[in-house]
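Colleague: I would like to learn how to read a few features of a protein model. Could you take me through them one at a time?

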Amino acid sequence: MKQLAYILLLMTFFTTGSCTDIDKDNPYDNQLHTLQVNVVYPDEYSDYLREGVTVKIEDIDRGNSYTSKTDKNGTVRFSLTKGIYRIQISDKAEQDIFNGLADKVKFVNGDLALNLPLVHSRSGDIVIKEIYCGGCTKLPFEGNYQSDKYMILHNNTSETQYLDGLCFGSLDPYNSQATNVWVTQDESTGATIFPDFLPVAQCVWQFGGTGQTFPLAPGEDAVVVICGAIDHAAQYTQSVNLNKPGYFVCYNPVYFWNTLYHPAPGDQITPDHYLNVVIKTGQANAYTFSVFSPATVLFKAKDTTIQDFVSQADNVIQKPGSTVDRIVKVPVDWVLDAVEIYYGGSSNNMKRMPPSVDAGYVTQSALYDGRTLYRHTDEEASREAGYEILEDTNNSSSDFYEREKQSLHE
């Protein structure tokens, strides 16, 4: 399996020897050391190197975060105590987006300087506006409820886009804090190494249509019901009504027959708005979409059909360590949009997406209280366009926030 090292920490300027594990008996001291980050643009975009690009550093164990801006040489310096740090860079210049990530940098041997290469990408035409997966309470009854998941898609361009043939899925592992067999860390540097594909788990869903059946006007939204296209709020007041005209739904009782999560859609949902199962690769009787921290990807096949793609054995493989679960190797360059969600109740979160897809993450801090992950509006661009334009830097840390109530809650 070909591996791409998206983050390569190249040199240490201030110390001799390689980084080692933090002393377990005394993991931190109060002495400040210099961590220097040198931003490196792709060769063909080297003229973007400039002053004022924001670099964010997070202390993974202690929860602190710091930001600073580069000088004219693309360099920034932080004074920090020893620890394990996550470094993020996101730079958007018109239609060009540059992101960089070092997920677990071991800053343990005194002063350190590292080069952080950036990956080039572009904004998607159709983006994910909202993901509601964390459930709510069963008020006025006791207990919690999670059978009402949905997401909203948004046309973020000035032209009509079409949902026809669009696919979506979630990545393995289902939860951000779970063991990740696809992503590794360079033990000596903290470099994050991703495969050259996205491991889509359990199922690939696809919109139907013949090419122009489901238009989405500029600034228009489309609701995709992941669990239960019914009026959940009729029974549980903190939930939402997902039985409305025009809504799409993940519904296929042949593959997913658990009626708790996939009841028959309500009377306002027409059969042509049922998404198709391209392939099922897991064993569950209900579509597995994490209540804690899904990594959601929206994509469309290029130069082939998704059906032909999954029919080739090399594109659907067994998950290492599992005898039953398989994944679909979705090419990174097929991605229109993706959102990485971290669970706020864990300090063991690990990136599942490379920085060209999503360089950051949005945190879900609590479960079963109606909270949802929602994309920021680009207010200036929206005023100029006359319709809603959403932020899109391919970095969920910048693009998304957690809101207290579902946007569809009435």
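This is a predicted model: local features need pLDDT of at least 70, side-chain atom pairs count only at pLDDT 80 or more; totals for chains, interfaces and linings use all residues.

Colleague: Start with a sheet. Which strands make up the open sheet of three, and in what order?

Modeller: The order is E5-E2-E8, and the pairing is mixed. Strand E5 (75-80) and E8 each have a single partner strand, so they stand at the edges, with one side of each left without a neighbour in the sheet. On average, neighbouring strands of this sheet are turned by 25 degrees against each other, direction ignored.

Colleague: How many bridges join strand E2 to E8, and do they run parallel or antiparallel?

Modeller: Six bridges join them, and the two run parallel. Strand E2 covers residues 33-40.

Colleague: Where is Pro117, and is Pro117 buried or partly exposed?

Modeller: Pro117 is in strand E8, which spans residues 112-117. For exposure, read the relative accessibility against the cut-offs. Buried means under 20%. Pro117 has 21%, so this residue counts as partly exposed. Pro117 and Leu35 are 82 residues apart along the chain, and their C-alpha atoms are separated by 16 Å.

Colleague: Now a strand with two partners. How many residues of strand E6 are buried?

Modeller: Nine of its 11 residues are buried, so strand E6 (residues 83-93) is largely enclosed by the rest of the structure. Then check the pairing. Strand E3 (residues 54-59) pairs with E6 in the antiparallel sense over five bridges. Within that pairing, Val55 has Ile89 in E6 as its bridge partner.

Colleague: What joins E6 to strand E7?

Modeller: There are 10 bridges between E6 and strand E7 (residues 96-107), and these strands run antiparallel. Asp91 has Phe98 in E7 as its bridge partner. The hairpin of E6 and E7 has two residues between the strands. There, Glu94 takes a positive phi near 55 degrees.

Colleague: Next, rings. What describes a pair of aromatic rings?

Modeller: Two values do: the distance of the centres and the angle of the planes. This structure holds 22 aromatic pairs. Take Tyr145 and Tyr236 as one example: their ring centres are 4.6 Å apart and their planes stand at 50 degrees, so the pair is tilted. The pair links distant parts of the chain, 91 residues apart. Tyr145 is in strand E12 (residues 144-145), while Tyr236 is in the loop between strand E20 (221-225) and strand E21 (248-249).

Colleague: Are Tyr145 and Tyr236 buried or exposed?

Modeller: Tyr145 has 11% relative accessibility, so Tyr145 counts as buried. Tyr236 has 10%, so Tyr236 counts as buried.

Colleague: Which geometry do the rings of Phe214 and Phe248 show?

Modeller: Their centres lie 5.2 Å apart and their planes stand at 85 degrees, so this pair is edge-to-face. This pair too links distant parts of the chain, 34 residues apart. Phe214 is in the loop between strand E18 (197-206) and strand E19 (215-216), and Phe248 is in strand E21. Both Phe214 and Phe248 are buried.

Colleague: Which residues form an aromatic cluster?

Modeller: Phe168, Trp205, Phe256, Tyr287 and Phe289 form one. Look also for a charged group over a ring. Arg403 lies over the face of Tyr374, at 4.6 Å from the ring centre.

Colleague: Last topic, space. What is the volume of the largest pocket, and which residues lie nearest its centre?

Modeller: The volume is about 430 Å³. The lining has 22 residues, and Arg122, Ser123, Asp333, Val335 and Leu336 lie nearest the centre of the pocket. Strand E9 (119-122), strand E14 (161-162) and strand E26 (335-343) each give two or more residues to this lining. The largest share, four residues, comes from E26.

Colleague: How many cavities of 30 Å³ or more does the structure hold?

Modeller: There are two. The second largest cavity has about 40 Å³ of space. Its lining includes Asp172, Tyr174, Gln202, Thr281 and Arg326. E18 and strand E25 (326-331) each supply at least two residues of that lining.

Notes:
Residues are numbered from 1 along each chain as its sequence is written. Side-chain values use heavy atoms; hydrogens and water are left out. Buried means under 20% relative accessible area, exposed over 50%, partly exposed in between (1.4 Å probe, protein chains only). Rings of Phe, Tyr and Trp (its six-membered ring) pair if their centres lie within 6.5 Å; planes under 30 degrees apart count as stacked, over 60 as edge-to-face and the rest as tilted. A charge sits over a ring if NZ of Lys or CZ of Arg is within 6 Å of the ring centre and within 35 degrees of the ring normal. Two strands pair if DSSP finds at least two bridges between them. Axes are lines fitted to C-alpha atoms, for helices over the stretch in contact, and angles run from 0 to 180 degrees between N-to-C directions. On a 1 Å grid over the protein atoms alone, a cavity is a set of points where a 1.4 Å probe fits but cannot get out, and a pocket is an open set with protein on both sides within 12 Å along at least five of seven lines; lining residues have an atom within 4 Å of a point. Grid points are joined across faces, edges and corners, and a volume is the space filled by probe spheres set on the points.
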